[in-house]
Amino acid sequence: LQLGQTTPLVLLPAAARAWVVAADPGQRAHVRFRRVVTLVIERLIRRITECGVERGVGIVVVIATFEELLSYCYRVASVVGLVSARVFGCVRLESELYAVNLGYALQITNILRDVGQDFREDRRIYLPAEDMARFGYSADDLAAQRNDSRFRALMEFEASRADAYFATALGFLTPDDRRALRAAEGMRRIYSAILAKMRRNG
């Protein structure tokens, strides 16, 4: 895989940056792929064993910061895209950055779309606690289904982040891999439309 000189590796989580810039260029692709497969397995284990903690209105998943949310998105969505990029035959490292950022965008969109259902059915909150505090919106408000100005401002704030990741992913789509990523591009367009509809509907 090839990397353009201007590719901002800072968009990757710290662990991912470490193996992308491995010392031996000849081993990078193998190390990256092995690491991604490991993360996929870890994702499955986390989904099976994930436990909540007490927070006001029952057992909920608590994500404290946006950095924690990105780490979660990376493990449950971006790593799938990274594996898929290899399976689809991508040849540019930019396509890995495309996959990482698209994974962020898709998962954040999923979280926003299912925020009420996740709480009602599983007592799970994937919105960062720091963001909820910023807008003065609590788990108790979510339990009471308070769709007020605080909730709408919080959702718009997170939606703008997802939109930015969609745009960033598209910026990493190269002519060399455009054909290989047709399915991923279909997902990007579909989920971008879902996000846009949610933002229009408030």
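## Ring pairs and a serine contact

The side chain of S78 reaches the backbone oxygen of V100 at 2.8 Å, a polar contact (N or O atoms within 3.5 Å; within protein, one must be able to donate a hydrogen and the other to accept it, and residues adjacent in sequence count only if both atoms are side-chain atoms). The model is predicted: local features need pLDDT of at least 70, side-chain atom pairs count only at pLDDT 80 or more, and totals for chains, interfaces and linings use all residues. Residues are numbered from 1 along each chain as its sequence is written, and side-chain values use heavy atoms, leaving out hydrogens and water.

S78 lies in helix α3; helices are DSSP runs of H or I, at least four residues, numbered from the N terminus. S78 has a relative accessible area of 0% and is therefore buried (under 20%, 1.4 Å probe, protein chains only). Not counting residues up to four places away in sequence, S78 touches C73, A99, V100, G103 and Y104 (heavy atoms within 4.5 Å).

The whole structure holds 4 aromatic pairs (ring centres of Phe, Tyr or the six-membered ring of Trp within 6.5 Å; planes under 30 degrees apart are stacked, over 60 edge-to-face, the rest tilted). Two of them are tabulated.

| Pair | Type | Centre to centre | Between planes |
|---|---|---|---|
| Y72 and Y126 | stacked | 5.1 Å | 20° |
| Y104 and Y165 | edge-to-face | 5.0 Å | 70° |

Y72 in helix α3 and Y126 in the loop between α5 and α6 are 54 residues apart, and both are buried. Y104 in helix α4 and Y165 in helix α8 are 61 residues apart; Y104 and Y165 are buried too.

Key: Helices (H or I, at least four residues) and strands (E, at least two) are DSSP runs, numbered from the N terminus. Buried means under 20% relative accessible area, exposed over 50%, partly exposed in between (1.4 Å probe, protein chains only).
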